[in-house]
Amino acid sequence: MMQVIMSSLAFQWPSLLHCWHGVSLNSVALMQNQITNAKEAIRWSTDYLLKAATATPDTLYVQVGDPNMDHRCWERPEDMDTPRNVYKITTQNPGSDVAAETAAALAAASIVFKESDPSYSTELLQTAMKVFDFADRHRGSYSDSLNSVVCPFYCSYSGYQDELLWGASWLHKASLNGSYLAYIQSNGHTMGSDNDDYSFSWDDKRPGTKILLSKEFLEKTTEEFQLYKSHSDNYICSLIPGTSSFQAQYTPGGLFYKATESNLQYVTSTTFLLLTYAKYLGSNRGVAKCGGATVTAESLVAQAKKQVDYILGDNPAKMSYMVGFGNMYPQHVHHRGSSVPSKNAHPNSISCNDGFQYLYSSSPNPNVLVGAIVGGPDNRDHFADDRNNYQQSEPATYINAPFVGALAFFSAEN
Ligand SMILES: *[C@@H]1O[C@H](CO)[C@@H](O)[C@H](O)[C@H]1NC(C)=O
């Protein structure tokens, strides 16, 4: 999916090159009229998820390829010859985490297509309901069912409770079917919503669920969801320096810092939630209550903008962490297709093992992975630009995806 988003955005980068030092809002405004591209990108992945969910009854296909074999291989996609095994979850080998997350994605996408393609929207929603039902009735973690091919790469460390509540929340929003409200009411407390952790990621859905449900309270004063407004406040306050419940970490240069590995994934997802909550608060003249103090929507937007600017080059290292954007960006991206010579330059195939010379080479990547955001700097704002330092140099769709949302917010503001 991200490849589609990146290519649809790629043509704009040359006109952005002059404004790498922070986000120039005029330039971000160039992102307008991307709705058709954005829908196409979403449909590409929902088509995939529909096939994965409907090919066989009571089965969800969840993975292609053996990560152990793939990690022992540094190869261009054109030469790929590692096993393409297909893995599934079933009633006997359940995976409530991956299934409920799939249901959430299908339900959310059904909202996107509600007006422009009602029959596709209905198909997405009905499939989401089925997949959620499957996730809920056959409980278990795919980390257990598919342990040897899922862990340690894509283990569900946060368990599956958070995804069940996330799935139910999106289905509630998409379907307006009362059974999901009832589900949230009776299961919400036990599904991790009482824990105010401050990370939102491909694995942990708790902060996102709280903010999604807080919208119900802010917009419709649904009393049952007042709880989620206070949970969201706690989460948001933990991110805002100067409030009594502040507990996040920032680098000296001002970057939100959560982990040594692929830290920017947390920056982009947190930024997306800051902006989403600011939007919900702003349209209801609400504020976040942090102890005795209040935090306005405007200050959440300002905090988010700092993170976006930092990623795009306004930081002590003067490095843009988005490849191909700005005067200085990562040259040694930990990415097979970007670091191995292209078919044009090297028509003969390059085997798994022969590819590793390109991983360990000190030369810049021959193919610029335009638009990708890498893992990012350490807690002192230092970035190694070393291909073998995957913690800092690896790009990921889960880093980019929430960032697109943040850019869309700033684009729409202007
Ligand atoms: C609401 O959802 C429940 C549970 O999936 C389902 O059994 C029921 O048919 C749905 N009702 C409507 C009106 O779609």
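This tour moves through the structure stop by stop, stating what to select and what is found there.

The model is predicted, and local features are described where pLDDT is at least 70, side-chain atom pairs count only at pLDDT 80 or more, and totals for chains, interfaces and linings use all residues. Residues are numbered from 1 along each chain as its sequence is written, and side-chain values use heavy atoms, with hydrogens and water left out.

**Stop 1: the nonpolar core**

Select I236 and L300. In the largest nonpolar core, which has 96 residues, these two touch the most other members. Such a core is a set of buried Ala, Val, Leu, Ile, Met, Phe, Trp, Tyr and Cys residues joined through side-chain atoms within 4.5 Å. Buried means under 20% relative accessible area, exposed means over 50%, and partly exposed lies in between, with a 1.4 Å probe and protein chains only.

Next, select helix α14, residues 264-282, which gives the most to this core, with 10 residues. Helices (H or I, at least four residues) and strands (E, at least two) are DSSP runs, numbered from the N terminus. Is α14 mostly covered or mostly uncovered? The helix is mostly covered, as 16 of its 19 residues are buried. Its length can be checked in the viewer: at 1.5 Å a residue, the 19 residues of α14 should span 27 Å, and the end C-alpha atoms are 26 Å apart, which agrees. The expected span is 1.5 Å times one less than the number of residues in the helix.

Return to L300 and display its surroundings. Not counting residues up to four places away in sequence, L300 touches I236, I240, L274, Y277, A278, L281 and V295; contact here means heavy atoms within 4.5 Å. A second core of 6 residues is separate, and V340, I350, Y358 and L359 are among its members.

**Stop 2: the annotated active site**

Select H334, D385 and E394, where UniProt, in an unreviewed entry, places the feature "active site". The UniProt positions follow the numbering used here, feature names are shortened, and annotations may be inferred rather than shown by experiment. Why can these residues be said to gather at one spot? They span 61 residues in sequence, yet no two of their C-alpha atoms are more than 10.0 Å apart, so they gather at one spot.

Focus on H334, in the loop between α15 (297-311) and α16 (336-339). H334 is buried, with a relative accessible area of 13%. Leaving aside neighbours within four places in sequence, its contacts are W74, L359, R387, Y390, S393, E394 and P395. A polar atom of the H334 side chain lies 2.7 Å from the backbone oxygen of R387.

Move to D385, in the loop between α17 (356-360) and α18 (390-393). D385 also counts as buried, at 17% relative accessibility. Beyond its neighbours within four places in sequence, D385 is in contact with Y329, P330, Q331, H332 and S393. The backbone nitrogen of Q331 lies 3.1 Å from a polar atom of the D385 side chain.

**Stop 3: salt bridges**

Side chains of opposite charge can pair when their charged atoms come close. The structure holds 13 salt bridges, each being a side-chain nitrogen of Lys or Arg within 4 Å of a carboxyl oxygen of Asp or Glu.

Begin with R139 and D136, whose closest N and O atoms are 2.6 Å apart. R139 is partly exposed, at 37% relative accessibility.

Select helix α12, residues 206-220, where K215 and E219 are 4 residues apart and so separated by about one helical turn. They form a salt bridge, with the closest N and O atoms 3.4 Å apart. K215 is buried at 17%, whereas E219 is partly exposed at 42%. In α12, K220 and E216 are likewise separated by about one helical turn, and their salt bridge has its closest N and O atoms 3.6 Å apart.

Finally, select R76, D79 and K343, which are linked in a network of salt bridges.

**Stop 4: backbone exceptions**

Most residues other than glycine have a negative phi, and most peptide bonds are trans. Select C151 and P152: the peptide bond between them is cis, with omega near 5°. P152 is in the loop between α9 (147-150) and α10 (161-175).

Then select R285, which is not a glycine but has a positive phi of about 45°. R285 sits in the loop between α14 and β5 (288-290) and is exposed, with a relative accessible area of 80%. End at K318, which has a positive phi of about 55° and lies in the loop between α15 and α16.

Conventions. A polar contact is a pair of N or O atoms within 3.5 Å; within protein, one must be able to donate a hydrogen and the other to accept it, and residues adjacent in sequence count only if both atoms are side-chain atoms.
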